[in-house]
Amino acid sequence: MNQTYGLIFFLFLFAPIFVFYEIFKKHWADKTLKKTFWIAVPAGVGAVFLTRFAYLLVEFFLGYDLRSFLSGNHSWQYLLMASICVVGLIEEFIKTAVGMVVATLVDSERGSTVIFISLVGCALGFSLIENFHYYTNFGASVVVPRVLISATAHLFFAAVCSVIIAKPNAKKRSDCKISLRIIAGILVASVIHGLFNFMVFYYEIVALNGIMLSIMFVFLLGIYEAWISVMKMDEQKVLCLTGCPGCGSIAFHHSRFCSLCGSRVNVLRKTGMIVEEKKDN
Ligand SMILES: [Zn+2]
């Protein structure tokens, strides 16, 4: 392969991370969120190696190679089960576990937006290595659309999972409820992940065709909606005087985001007035 082409492709592998970073730029005024992101991405890279180890264990107990099982001649029901219960579950479990460790280390209160950024950062790191793996195995030309597809899909799984996990956390529910939500988040993400893998594999979708573009559009919309809902959950306990780095407005409120432009706000002064807990709908 041409060397320049190879280098361009190699840089392209990092594109999802930098595009995400740029889109979320107005929220990096919050140092905790920024720190979370830059810890979560390498943690996601680490999660890939944990996943490989988990696959090795599964293959050891099953007694056969998973990759050749998946590409073998099986009924679609087998493939679907393997996609959800093995590939989906292992990958989503490890990514979520690593993401939650990052969220807890960075912010012991685990604000909803911190959970979102850590899971999504992990997903980006994870898909980076996955794409690199495909790149070395199949070459640049096959993999270019896959970078976009894989990064968007992993982001979507992580976004859905983080919304499910962040909800009881934001309302200060018991640990038991939070644990149940984490399990629910992992299960839902595993099912979506498995269904998506199955579809790509079964219908041999390797390029950005019409179906794939529609799915990507739905995924992007889902990621956006997930971010909006974790933003709404993320509130400060006390009323604060806040300054917005995005539009310069100064306001008294308990939200961590600017109501005018959506940027993460800086707390200028805490008033000490405790915001009343919102009642459930
Ligand atoms: Zn603003």
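Tutor: What follows covers the metal site, then the salt bridges. This is a predicted model, in which local features need pLDDT of at least 70 and side-chain atom pairs count only at pLDDT 80 or more, while totals for chains, interfaces and linings use all residues. Residues are numbered from 1 along each chain as its sequence is written, and side-chain values use heavy atoms, with hydrogens and water left out.

The zinc ion is coordinated at 2.3 Å by the SG atoms of Cys244, Cys247, Cys258 and Cys261; donors are N, O and S atoms within 2.8 Å of the metal (3.2 Å for Na, K and Ca). The four donor atoms subtend angles of 100 to 117°, so the arrangement is tetrahedral (four donors, all angles between 85 and 135 degrees). In sequence, the donor residues follow the spacing C-x2-C-x10-C-x2-C. Cys244 and Cys258 are both buried (under 20% relative accessible area, with exposed over 50% and partly exposed in between, 1.4 Å probe, protein chains only).

A salt bridge here is a side-chain nitrogen of Lys or Arg within 4 Å of a carboxyl oxygen of Asp or Glu, and the count comes to six. Asp234 meets Arg256 in one of these, at 2.5 Å from N to O, and Arg264 in another, at 3.0 Å. Asp234 is buried, with a relative accessible area of 4%; Arg264 is buried, also at 4%, whereas Arg256 is partly exposed at 23%.

Note on methods:
Tetrahedral: all angles 85-135°; square planar, octahedral: opposite > 155°, others 65-115°.
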